[in-house]
Structures are given as structure tokens and as C-alpha cells.
Amino acid sequence: MASHDQFPRTFVAKYLGRRDARGLWGIKHTRQPVDDMVAEARALKPGATLPFLKLQVSPEGVTVSEMPQNTNPNFEAGLFPIDSISYGVQDLVYTRVFAMIYVRDSTNVFENHPFECHAFVCDSRQNARALTLALASAFQEFSKTVKQQGCDRKPRKFAIDLRSAEEIQADLDGSPADHSEA
């Protein structure tokens, strides 16, 4: 797997947006939010653009910043810490889309929905896959570091779905499949 010196990995993508997710991990919690965000993006007025962003993936997390060409300020810049990302997947319907579930720290669970699905459109499905794999490598590196440091705090569980679209669809249809979980 990737060594620490292969980070950060940089990707360029358009930001589809953020929606509430109903759970910590699983394609069933990203599918509807992604469908909603794609529908909203397709309904944009002529001339309107999605935020054009740079994503840097490392064992610290995913850092989002704008590309110099970006003209849309509607995105959340900064670091999404790795221990607050619970799930990452290349979407099975829109294969250029990478989605992740981010767990927002909230003191009042009733006030804010803690699970957020963030989605990004890559320029190719290969880059969406590469982004998913980079996040998987970052999770592995982060887990190794936590174990080596013998941290008192137990890291949150997370999952990266590396299955093919067919395997994910079979799982959604009710067939058993194994999950890639750390």
C-alpha cells in the first residue's frame, strides 16, 4: 500500500454539494443524496458553474481549496479530518462522482444532523476511482500511525467501498457481499 511519502495526493474536481446522510457508512446512505445533488446541478441556469476545487488527500484528511479558475464561492474550504470521515465511495450510477460521509461534531444531535454526504465530480471515472483509492490508503496510513502511537482514544470506524459497481448493486438488491472496512 502507499507509503507516507506518497501523500498528499492531489485531485481536481467540481463540488456537487452537501446533503444530510442517514447513516455512517454504506452506499445506501450516499445514493439518494448524490441523485439529489446531480439533479440540482443539471438544473443550474445557463452560465452557472459548480465550484472548481482542489482536493488534497493525506493521512490527516481531505483538504479542500479552490482552483484559481473557480468562480463559485459556495463550498466548504479547509480540512475534513480523517477521523471524521466515515465512508468514501465511487458512485455506482454516476461513476465520475466520488462521495464521502463526514461526521460533524455536534453537541446537540437534535439540532444538527451529524452525518453529511459531500460529493465531487471528477473529470473521469478513473480519477474518481483513484480518489477513492487514495482515501483508502490515507485511512490505512492513519490507522498505522494511531496504532504505533498507542493512542488512548479509539479511532472511529470508517469504510471505503472498493467493490465494483456490479457488486455494490447486488448488495443493494439484497445479495450478500463482503465489505472493505478498516
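Six residues form the hairpin that joins β5 to β6. Strands here are DSSP runs of E with at least two residues, numbered from the N terminus. This is a predicted model, in which local features need pLDDT of at least 70, side-chain atom pairs count only at pLDDT 80 or more, and totals for chains, interfaces and linings use all residues. Residues are numbered from 1 along each chain as its sequence is written, and side-chain values use heavy atoms, with hydrogens and water left out.

β5 and β6 run antiparallel, joined by five bridges. Two strands pair if DSSP finds at least two bridges between them. Gly88 stands opposite Met100 in β6. Strand β5 covers residues 85-90, and six of its six residues are buried. Buried means under 20% relative accessible area, exposed over 50%, and partly exposed in between (1.4 Å probe, protein chains only).

Now turn to the rings. The structure holds two aromatic pairs. Rings of Phe, Tyr and Trp (its six-membered ring) pair if their centres lie within 6.5 Å; planes under 30 degrees apart count as stacked, over 60 as edge-to-face and the rest as tilted.

Tyr15 and Phe120 make a tilted pair, 5.1 Å centre to centre with 45° between the planes. Tyr15 lies in strand β1 (residues 9-20) and Phe120 in strand β7 (residues 115-122), 105 residues apart. Tyr15 is buried at 7% relative accessible area. Phe120 is buried too, at 1%.

Phe80 and Tyr102 have ring centres 4.9 Å apart and planes at 90°, so this pair is edge-to-face. Phe80 sits in strand β4 (residues 78-81), and Tyr102 sits in strand β6 (residues 97-103), 22 residues apart. Phe80 is buried at 3%. Tyr102, at 10%, also counts as buried.

Note on methods:
Helix = DSSP H or I, 4+ residues; strand = E, 2+ residues; numbered from the N terminus.
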